[in-house]
Amino acid sequence: MKMTELKELELKDLVEKLETTELKLQQLKLNHSIAPLENPSQIKAVRRDIARMKTELRLRELNK
């Protein structure tokens, strides 16, 4: 997900998307610990998406 897409989301939607993405990351890590993922770089991509979402939330908090 790109920053431009995140900027267009409402605050409520952004927080909801962050929560679902964090759950997805936990599930990916769990699946990877049991059996290797076909594409382990997914974990890295999801982690970066979470960081982008948290960055956007922080920017909105500071701009209030």
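A nonpolar core is a set of buried residues of the types Ala, Val, Leu, Ile, Met, Phe, Trp, Tyr and Cys that are joined through side-chain atoms within 4.5 Å. The views below are taken from a predicted model.

**View 1. The largest nonpolar core brings together eleven residues.** Its members are L6, L14, L18, L25, L28, L37, I43, V46, I50, M53 and L57. Helix 2 and helix 3 are the elements that give two or more residues to this core, and the largest share, five residues, comes from helix 3.

**View 2. Helix 2 runs from residue 11 to residue 34.** Over its 24 residues the helix reaches 35 Å from its first C-alpha to its last, which is close to the 34 Å expected at 1.5 Å a residue. Its buried residues are L14, L18, T21, L25 and L28, and what covers them includes helix 1 (3-8) and helix 3 (41-62).

**View 3. V46 is in contact with residues including T21 and L25.** When its neighbours within four places in sequence are left aside, the contacts of V46 are T21, K24, L25 and L28, and V46 is itself one of the residues of the largest nonpolar core.

**View 4. L6, a residue of helix 1, is buried.** Because its relative accessible area is 0%, L6 counts as buried, the cut-off being under 20%. Apart from neighbours within four places in sequence, L6 is in contact with M1, L14, R52, M53, E56 and R60. L6 and T55 are 49 residues apart in sequence, while their C-alpha atoms are 9.9 Å apart in space.

How values were computed:
Residues are numbered from 1 along each chain as its sequence is written. This is a predicted model: local features need pLDDT of at least 70, side-chain atom pairs count only at pLDDT 80 or more; totals for chains, interfaces and linings use all residues. Side-chain values use heavy atoms; hydrogens and water are left out. Helices (H or I, at least four residues) and strands (E, at least two) are DSSP runs, numbered from the N terminus. The expected span of a helix is 1.5 Å times one less than its number of residues. Buried means under 20% relative accessible area, exposed over 50%, partly exposed in between (1.4 Å probe, protein chains only). Contact means heavy atoms within 4.5 Å.
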